Amino acid sequence: MKSLLFTAMLFLCSIVFAQETPKKNVEVDSTQTKEKVNTLEEVQIYGNKKQYLKVESDKTTVNVKDNPLLNSGSSLEAVKRLPGVITSPTGSITLNAKNVAIYIDGFPSSLSGTDLQNYLLTLPANAIEKVELIYNPGASFEANASGSVINIVTSTKRKKGINASFNINYNFNKYQKPSPQFLLNGKTKNLSWQTMIGYNYIDGENKTENDQVFTSFKPAENLLQKNFVLTTNRNFYFRTGTNYKLNEKSNLLFNYNLNTANDRATSTSSTIGTGINFTNNGLTKNKNNNHEISLQYKTKLDSIGRTLDITAFSNFFDKNPITTSNGLNNSLPTVFNGDLDFDLKNYYLKYDFAIPFDKINFSLNTGGKFNTIKVNNSGIYNLNSASNSNIDFDYTETNLAFYAEARKKFKKFNFTAGIRFEDFNVDRNAVENSNKTEVNFKNTNFFPNVSALYEINPNVNVSASYSKKIQQADYNTLDPNNFANFDQYNTSGGNPFLDPTFFDNFELKLTAFQFVQLGGNYTIANDVNRFIFNADPRELVSKQTFQQFDEINTLSFFASFPVPLDFFLKGKEEFKKRMNDMDKMNYIFFNLNYVDFTTKGYQFEFKEKPVINYSAQAQFILPWEIKNTISFFLTPKGTYEIYQITKPIQQFDISFNRDFLDKNLKIGLHCFDLFNSNEINALVSSTNLQTKFYQKQDTRTFRISLTYNFGNLKLEKENTNIDTQTVKQGGGMLK
């Protein structure tokens with residue numbers, strides 16, 4: 001560890017040395033042409049600066065489209081490889097140990113749980129321009145952002161004329177997973193446009209094993225449950241967007257995205273216990289559709305920089321999973337049938353108004369939004385009975401919000417203060433066989449955020465911030481139909497009685513040279529919802545649901561820094577040249593996270609222990625212009641939230657990439673989870689039940705990626721783009 005930190009410090013010193021020569025502005029004068037030419041000869045020009053990663057005080061921006069380790073798979077795969085992102089044993093994502101809200105092109109996703117994960121799995125990573133990791137989002141973001149935001153920004157580049165590219169990712173292990181894609185884009189006069197069409201066909205498997213001890217029995221009863229699922233996911237997507245320049249100050253943007261899927265899963269499960277030898281075979285078919293429509297108007301109001309941004313967004317999502325299963329239990333036939341009809345409608349309207357006062361280094365941003373989400377899920381079940389069981393779930397959410405955020409620069413200090421007002425109303429109704437459960441939740445609250453930043457020098461700053469946030473219980477955690485997967489020994493479903501979680505987030509961070517960050521954060525979360533296994537007294541039935549915990553406090557320390565191998569291998573001068581072109585640079589980027597969770601109001605059967613997460617990404621330039629990228633992450637044993645990790649979670653990825661035909665053709669060879677070591681082993685203790693959980697997916701995958709570009713590859717300046725004054729968060733500097 002000390003040697004890595006020492007190397008990072010050498011790197012910082014080298015950048016200081018590289019930047020110590022001040023920049024000069026050169027003006028062309030026809031009467032002094034000769035003198036100016038002599039001046040220009042003294043300037044060393046190494047090319048345009050190209051960065052894969054940019055660290056700022058308020059966020060980290062990761063370039064995805066030019067990173068071969070990130071851009072060849074799905075969006076979910078790319079997000080999980082980002083610095084500071086840790087995946088919990090249940091699959092949820094955190095950023096520097098804080099809860100995450102997923103945004104796509106600036107909009108919070110209305111999907112949650114497995115629906116959101118499946119959406120990201122079918123959104124190709126090469127559709128992403130960049131990803132913004134926003135650590136402590138301010139008042140312009142939803143209060144429902146909990147602790148942090150991951151904003152996935154899809155590609156919006158436009159080129160003159162009509163251009164196209166064809167891409168295919170052929171993934172394989174013992175299953176086939178082809179994903180072809182075709183992209184068209186162009187620009188004519190004031191209109192630019194882009195269309196992407198693709199298809200995914202993915203076969204895969206998932207093995208789970210639950211070794212469960214029911215402690216309410218004397219002596220305790222034990223059930224060993226195993227499940228093997230073979231999935232086939234077929235997905236078609238169509239994404240199109242236009243950007244029309246109305247005049248010199250105004251733009252109108254329209255986007256439509258379609259995602260349709262037809263999935264299939266066959267499962268074989270068994271339950272073994274005292275006098276129990278149960279086997280169950282199941283088949284699930286699921287069709288779903290997602291439509292997204294957005295319209296955005298952006299304008300500059302005057303010459304002093306005031307801007308207005310108005311956005312309308314809607315998405316409509318439906319699915320129909322149908323499950324049939326047949327079991328044999330001591331030669332007695334059992335039958336389970338489930339038929340769900342799920343429908344979600346989301347309507348979202350917001351405005352943002354920016355007022356800069358450059359003369360006094362002050363800016364004011366304000367805005368508001370109205371959002372409504374309606375969910376209906378009707379389930380019909382049959383389990384060992386001639387009659388059906390019915391569960392109807394209705395969820396209606398409305399949210400009205402306004403915010404104001406002010407920023408002031410005073411010498412080397414930058415101050416930010418914001419307040420967000422949210423009026424939140426949720427109606428939850430669940431009817432199960434004429435038994436009605438109705439929960440009405442209303443919350444009207446103010447959510448403040450404050451931050452301060454001190455510039456030690458132009459390249460190094462230190463910042464401190466505080467924000468109050470909320471995480472509403474989403475439909476995935478509330479819906480009793482959730483999972484729709486049970487038999488004689490298992491039930492599953494959401495919990496309609498869950499309250500929202502409130503967060504107090506504190507952070508202190510040092511940021512240096514757009515590559516390095518060191519810091520820590522502390523989060524106090526009240527009424528936390530977590531997935532858990534539990535059981536009723538004297539019943540051999542494992543219940544998979546969500547449970548409320550009184551309070552979970554999280555202390556996290558993090559460090560991200562590069563080790564520039566070229567500084568040591570190629571010398572200082574060559575290193576200075578390569579800094580302006582990351583495509584030709586050898587480096588290793590390290591990210592470390594120390595996380596200590598403290599759960600109050602709950603007694604665990606195991607001793608809690610902090611977790612240290614290690615991750616690294618490396619790039620090596622090999623002979624014949626082959627680019628080699630390597631990624632590794634490791635989460636050792638320890639306590640993650642309420643789960644005890646009993647065996648390290650780790651993965652090693654490697655890829656080789658090369659460009660041909662003047663960069664028109666790109667070919668990559670990749671292997672993910674090379675040593676097939678990514679599996680989850682965890683212990684969960686709860687009321688009347690202790691569960692040893694094991695999960696192994698077919699994560700070792702080989703991939704051949706090929707992209708061929710047609711048309712103009714030289715990106716022309718986008719004259720239909722108007723940059724509105726966007727609020728920077730968490731202590732970012734005024735510019």
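Mentor: Let's start with a term: buried means under 20% relative accessible area, exposed means over 50%, and partly exposed lies in between, with a 1.4 Å probe and protein chains only. By that rule, buried residues make up 52% of the 735 residues in this chain. Please keep in mind that this is a predicted model, where local features need pLDDT of at least 70 and side-chain atom pairs count only at pLDDT 80 or more, while totals for chains, interfaces and linings use all residues. Residues are numbered from 1 along each chain as its sequence is written, and side-chain values use heavy atoms, with hydrogens and water left out.

Trainee: Thanks! What makes up the secondary structure of the chain?

Mentor: There are 7 helices and 35 strands. Helices (H or I, at least four residues) and strands (E, at least two) are DSSP runs, numbered from the N terminus.

Trainee: Why is Ser110 called buried?

Mentor: Its relative accessible area is 12%, and the limit for buried is under 20%, so Ser110 counts as buried. Ser110 sits in the loop between strand S6 (107–108) and helix H4 (113–122).

Trainee: Which residues does Ser110 touch?

Mentor: Contact means heavy atoms within 4.5 Å. Leaving out residues up to four places away in sequence, Ser110 touches Asn315, Leu344, Asn346, Ile373 and Tyr475.

Trainee: What makes the link between the side chains of Ser110 and Asn315 a polar contact?

Mentor: A polar contact is a pair of N or O atoms within 3.5 Å; within protein, one must be able to donate a hydrogen and the other to accept it, and residues adjacent in sequence count only if both atoms are side-chain atoms. The side chains of Ser110 and Asn315 are joined at 3.0 Å, so the pair meets the limit of 3.5 Å.

Trainee: How do you know that Pro496 is buried or exposed?

Mentor: Pro496 has 11% relative accessibility, so it counts as buried. This proline is in the loop between strand S22 (490–492) and strand S23 (501–512). Among the residues it touches, beyond four places in sequence, are Arg428, Leu478 and Val439. Pro496 and Val439 are 57 residues apart in sequence and 7.4 Å apart in space, C-alpha to C-alpha.

Trainee: What sets Lys411 and Asn688 apart in accessibility?

Mentor: Lys411 has 69% relative accessibility and therefore counts as exposed, whereas Asn688, at 17%, counts as buried. Phi of Lys411 is near 55°, and phi of Asn688 is near 65°. Most residues other than glycine have a negative phi, and most peptide bonds are trans. Lys411 lies in the loop between strand S18 (389–410) and strand S19 (413–432).

Trainee: Which peptide bond is cis?

Mentor: The bond from Lys218 to Pro219 is cis, with omega near -5°. Pro219 is in the loop between strand S11 (191–214) and strand S12 (221–245).

Trainee: What makes a set of residues a nonpolar core?

Mentor: The members are buried Ala, Val, Leu, Ile, Met, Phe, Trp, Tyr and Cys residues joined through side-chain atoms within 4.5 Å. The largest one here has 81 residues, and Leu133 and Ile150 have the most contacts inside it. Strand S24 (residues 516–534) gives the most to this core, with 5 residues. Another core, of 16 residues, lies apart from it and includes Phe515 and Ile654.

Trainee: Which residues does Ile150 contact?

Mentor: Beyond its neighbours within four places in sequence, the contacts of Ile150 include Val79, Val100, Tyr103 and Leu133.
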